[in-house]
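Me: I would like to learn how to read a few features of a model. Please take them one at a time.

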Amino acid sequence: MIITQTPVRVSFLGGGTDYPAYFRRHGGATLVATINKHTIVTVHRITQFSAHSVRVHYSRVESVQHIDEIQHPSARECLRFLGVDGGIEIHYVSDLPARTGLGSSSSATVGLLMALHAFKGEAVSREQVAVEAVHVEQELIKERVGCQDQYACALGGLLHLEFHRNGKVGINPVVLDPERLGALQDRLILFYTGIQRHAHEVLDEQIERTRTGENAKELDGLKSLVSKGIKVLTGKNDLSEFGVLLHEGWMLKRRLSSKISVSGIDEVYKRARQAGVGGGKLLGAGGGGFLLFYVEPRHRQQVRRALPELRETEFSFDGLGSQIIFHRW
């Protein structure tokens, strides 16, 4: 049996510039961090006496004889990509709901690839797994996804990722002293809207506008915020400036597509700002999922009171990345 644990992530700045339609022409950059909420993937061999060749457990259970019959796209394509053609059982368990903007699908893909390499007796680096996860999701599944989630979930930590025109990805850990990192964490609060959505339902319009160049100005602006955010975090200025940058980023992100924000989300964000939030954003593609806010500790309680319909999720930063936490045959 092999068990992997892979974090999900919160994306602070630059989201949208990690899509090939943009960075292949302009270069992209994001500022992202992993948190202590995980996807657990368990892999073990099926005995010769089993009536099926492959079984996959997630919100449903699939028991099939051939890989091509698997409906779970990531499980099917990861198995096919690594040449595992049967005799295997896969279990997915997640700390948080899927399709909520935390990169859970990439977390699951990274975790499964890590487990399958171990299943085959292969040593693999986290960076290689990130590259493979991008390939599986973009080229094999044909999902409308960027590239930051796979690298963040695989590598872990607070990262400045650079996406170059030639397709290479620059990985730059952002190192903060424990006191500064703790102060940032104390000023972030995460709320679940209760809305789950498939990213492609939100991204169709955004990707098309990116492809035609209609979003170029907004995406250029989002990219420029990344270096400013790193300067705030690594400098000595008041951290409240980071909240301002999050707000600027959200105002730009809302313009990428008509489906990113909806009237209910706009109303919640307005109430949060009135209660003391310095800035924030919907995580992931938009349309629902989790809201991340920057709020000074003295305002946290009044923000909670202003948003009684939302469920707060406590979290802390996680710097470990994807890892094998159990391996025994």
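Reply: Start with Arg 99, in the loop between strand S5 (88-94) and helix H3 (104-119). Helices (H or I, at least four residues) and strands (E, at least two) are DSSP runs, numbered from the N terminus. This is a predicted model: local features need pLDDT of at least 70, side-chain atom pairs count only at pLDDT 80 or more, and totals for chains, interfaces and linings use all residues. Residues are numbered from 1 along each chain as its sequence is written, and side-chain values use heavy atoms, with hydrogens and water left out.

Me: What is the phi of Arg 99 near?

Reply: Phi of Arg 99 is near 60°, a positive value in a residue other than glycine. Lys 142 also has a positive phi, near 65°. Lys 142 sits in the loop between helix H4 (126-140) and helix H5 (148-155).

Me: Is Lys 142 buried or exposed?

Reply: Buried means under 20% relative accessible area, exposed over 50%, and partly exposed in between (1.4 Å probe, protein chains only). Lys 142 has 57%, so Lys 142 is exposed. Arg 99 has 36%, so Arg 99 is partly exposed.

Me: Which side chain of opposite charge is nearest to Lys 253?

Reply: Lys and Arg count as positive, Asp and Glu as negative; His and the chain ends are not counted. A salt bridge is a side-chain nitrogen of Lys or Arg within 4 Å of a carboxyl oxygen of Asp or Glu. For Lys 253, the nearest is Asp 18, 9.1 Å away. Lys 253 is buried yet has no salt bridge. A polar atom of the Lys 253 side chain does lie 3.0 Å from the backbone oxygen of Leu 282.

Me: Where does Lys 253 lie?

Reply: Lys 253 lies in helix H9 (residues 240-253). H9 lies across S9 and strand S10 (290-295), at about 40° to S9. Axes are lines fitted to C-alpha atoms, for helices over the stretch in contact (heavy atoms within 4.5 Å). Angles run from 0 to 180 degrees between N-to-C directions.

Me: What is the order of the strands in the open sheet?

Reply: Two strands pair if DSSP finds at least two bridges between them. Here four strands run in the order S9-S10-S8-S11, with antiparallel pairing. Strand S9 (277-282) and strand S11 (311-312) stand at the edges, each with a single partner strand, so one side of each is left without a neighbour in the sheet. Strand S8 (residues 188-192) and S11 pair over two bridges. Phe 191 stands opposite Glu 312 in S11.

Notes: Polar contact = N/O pair within 3.5 Å; in protein donor to acceptor, adjacent residues only side chain to side chain.
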